[in-house]
2 protein chains.
Amino acid sequence: MRFASGTTSNGVSERLFDIDGIPGVLWSPAEATGGRPLVLLGHGGGQHKKASGLVARARHYVSSCGFAVAALDAPGHGDRPRTEQDERFAAGIRERAAGKPVGSLIADYNTSLAVRAVPEWRAALDSLQGLDDIGTGGPVGFWGVSMGSAIGVPLAVAEPRIIAAVFGLTGREALVEAAARITIPVQFLLQWDDELVPRESGLALFDAFASREKALHANPGRHVGVPAFELESSQRFFVRHLLERESGPV
Amino acid sequence: MRFASGTTSNGVSERLFDIDGIPGVLWSPAEATGGRPLVLLGHGGGQHKKASGLVARARHYVSSCGFAVAALDAPGHGDRPRTEQDERFAAGIRERAAGKPVGSLIADYNTSLAVRAVPEWRAALDSLQGLDDIGTGGPVGFWGVSMGSAIGVPLAVAEPRIIAAVFGLTGREALVEAAARITIPVQFLLQWDDELVPRESGLALFDAFASREKALHANPGRHVGVPAFELESSQRFFVRHLLERESGPV
């Protein structure tokens, strides 16, 4: 793990890093020492580790909860090279942009991304927990919707250090079997008028999670229209599980 | 409006009152002066104004937000006499207790309760806003699930002073037309394994609300199993709308 550069503003340190060629970014309280909970952020399709929504979320979690927060560029995204498959997918999306359905194309591509991304996240988690201001003892949460869930759901199946997760904006295609193996607390975001994910498909994926605590938060609007108040709701979810270590509903 | 008796504990004043024969209870910050937001609590079927869940909720809203909170006994409930119709309903529920469906019986009865209860709530609101420690200028919220929503949804249609509401644990029967006239922000609770309200019926009622901000919170479990963390979630909802006066999602 190599740190490339760092800045600090409003009490939040932001450091770019590289782990075996995978570029990432770590946000943490400035001058933090000692272990702390870590939240991993998975970005959406076509976005990257420093997309504005991710940066705002990370800074909010750090400022209000004292968490460390990390994001990686997904395969074929951000500062990473695109493979032939990535190029074919991008071309496929452009070709179908004139109103044709892209759901199954996205689901297939996301599944292949997850195969590549899950081991990268697990290696990154090893490195991040080796840092003094994170440590190996603290709990780990995951937040990622849309493509972030396509990677995050199989990641949470594979990675026992993740003990709570926010998923959403994705459907049953390709994920329902992995969801049935998830037992950690889950908050699941669904957009009631999602033009990419049919409502029934999103509800079926929520239904599939085996978690004793799972909360569906459905709001009106399209795929990218999750209301701002859900940021605070996810923060409370992580505080309960990563800081207060609540064991679930009675 | 006559106050019968009052007690104060942990900074929360609790006063029993009577408005034209309707018994109610008012919780407020001890020694409060000046106007403040008011939250009306509608209890569930077979419960009453001082059911333990309502008392805990009221005290939490008063302590953490400084709200005033009021509850009334619904017609045929608590300290109120039962009419012949109330008795027939109770007998009908007992007769069908051996596993037969009671959904339409409950829906019909609740509809008739609402016809009686809505004008009572509106008169109570007039009286409550006449008190110095509430006042006419403050915003009003409503919280009530199950029978509380059967009364609360038509109440919110009739009463423009209610500007935000938490509903839930009820379905489309008898309420879908009223819901379509609701435009205030709504938080809607649904129990994923509700034995009284079919999942599809609850989802259809959520779908029917015309509100620009409406949030479905669905959790696993049966009718009475709403997780404890939803108390805090409703508090945040009321803080946003009654204290911060947020105008809705962007």
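Guide: Helix 1 (residues 52-65) of chain A and helix 7 (residues 229-243) of chain A have axes that come within 11 Å and cross at roughly 50°. This is a predicted model: local features need pLDDT of at least 70, side-chain atom pairs count only at pLDDT 80 or more, and totals for chains, interfaces and linings use all residues. Residues are numbered from 1 along each chain as its sequence is written, chains are lettered from A and ligands numbered from 1 in the order in which they are written, and side-chain values use heavy atoms, leaving out hydrogens and water.

Helices are DSSP runs (H or I, at least four residues), numbered from the N terminus. Axes are lines fitted to C-alpha atoms, for helices over the stretch in contact, with angles from 0 to 180 degrees between N-to-C directions. Helix 1 of chain A and helix 7 of chain A are therefore oblique to each other. Angles under 35 degrees count as roughly parallel, over 145 as roughly antiparallel, 65 to 115 as roughly perpendicular, and the rest as oblique.

The crossing of helix 1 and helix 7 of chain A is right-handed. That term means the near helix is turned clockwise from the far one by less than a right angle. Helix 1 of chain A brings A:R57, A:H60, A:Y61, A:S64 and A:C65 to the contact. Helix 7 of chain A brings A:L231, A:S234, A:Q235, A:F238, A:V239 and A:L243. Contact means heavy atoms within 4.5 Å. By class, this contact has six nonpolar, four polar and one charged residues. Ala, Val, Leu, Ile, Met, Phe, Trp, Tyr, Cys and Pro count as nonpolar, Asp, Glu, Lys and Arg as charged, and the others, Gly among them, as polar.

Helix 2 (residues 84-95) of chain A holds both A:R88 and A:E84, four residues apart, about one turn of the helix. Their side chains meet in a salt bridge (3.6 Å, N to O). A salt bridge is a side-chain nitrogen of Lys or Arg within 4 Å of a carboxyl oxygen of Asp or Glu. Over all chains the structure holds 36 salt bridges.

Now the two copies. Chain B superposes on chain A by a rotation of 180° with 0.0 Å of shift along its axis (RMSD 0.0 Å). That is the relation of a two-fold axis. B:H217 comes closest to the rotation axis of the residues of chain B, at 2.5 Å (C-alpha). The copies meet through the same surface, because 100% of the interface residues of chain B are also interface residues in chain A.

Terms used:
Least-squares fit on C-alpha atoms with pLDDT ≥ 70 in both. Helix = DSSP H or I, 4+ residues; strand = E, 2+ residues; numbered from the N terminus.
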